[in-house]
Amino acid sequence: MFDLARAGATEELAANVDAGLPVNLTNDKGDTLLMLAAYHDHPPAVAALLARGADPDRANDRGQTALAAAVFRRSADSVRTLLDAGADPAAGGPSALETARFFDLPEMLTLLERAR
């Protein structure tokens, strides 16, 4: 399932969640399907997982969230989708806000600050 999230296999991921796969399933590092889809820049998979109840603020074992991953990857579509689902720009450590500031990503910072 984690490879499907990394690959952005939206339909297959959605079908598995619809069939009973826990939407907040984590790997050995605490990464959720949502985090992996966001990190690998797959906005349709991000949207499908959120529509099925994925927790937008769940942090992995290192404190990272899907929103911080999307910011790092400069995926404006995923960032907007996560924010629309209620993701908190200040959640996690480093947070999405901290990530945008650290990597000097003004376009991401603007998206995050508009959501606050």
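**A buried serine, a core and some salt bridges**

Mentor: Keep in mind that this is a predicted model. Let's begin with S95: leaving aside neighbours within four places in sequence, S95 is in contact with A68, P89 and A90. S95 sits in the loop between α6 and α7.

Trainee: Is S95 buried or exposed?

Mentor: The idea is to check the relative accessible area, where buried means under 20%. S95 comes out at 4%, so it's buried. Its side chain also has a polar atom 3.3 Å from the backbone nitrogen of L97.

Trainee: What about the nonpolar core, and which residues touch the most other members?

Mentor: In soluble globular proteins, nonpolar side chains tend to be buried together. Here the largest nonpolar core has 35 residues, and L34, L49, L67, V71, V79, L82 and L112 touch the most other members. Helices α1 through α8 each supply at least two residues of this core. Take V79: not counting residues up to four places away in sequence, V79 touches L67, A70, V71, M108, L111 and L112.

Trainee: How many salt bridges are there in the whole structure?

Mentor: Look for a side-chain nitrogen of Lys or Arg within 4 Å of a carboxyl oxygen of Asp or Glu. A search finds four. One of them pairs R52 with D18, with the closest N and O atoms 2.8 Å apart. That pair links distant parts of the chain, as R52 is in the loop between α4 and α5, while D18 is in helix α2, 34 residues apart.

Trainee: And where do D3 and R6 lie?

Mentor: Both are in helix α1, three residues apart, about one turn of the helix. D3 is exposed at 58%, whereas R6 is partly exposed at 32%.

Definitions and conventions
Residues are numbered from 1 along each chain as its sequence is written. This is a predicted model: local features need pLDDT of at least 70, side-chain atom pairs count only at pLDDT 80 or more; totals for chains, interfaces and linings use all residues. Side-chain values use heavy atoms; hydrogens and water are left out. A nonpolar core is a set of buried Ala, Val, Leu, Ile, Met, Phe, Trp, Tyr and Cys residues joined through side-chain atoms within 4.5 Å. Buried means under 20% relative accessible area, exposed over 50%, partly exposed in between (1.4 Å probe, protein chains only). Helices (H or I, at least four residues) and strands (E, at least two) are DSSP runs, numbered from the N terminus. Contact means heavy atoms within 4.5 Å. A polar contact is a pair of N or O atoms within 3.5 Å; within protein, one must be able to donate a hydrogen and the other to accept it, and residues adjacent in sequence count only if both atoms are side-chain atoms.
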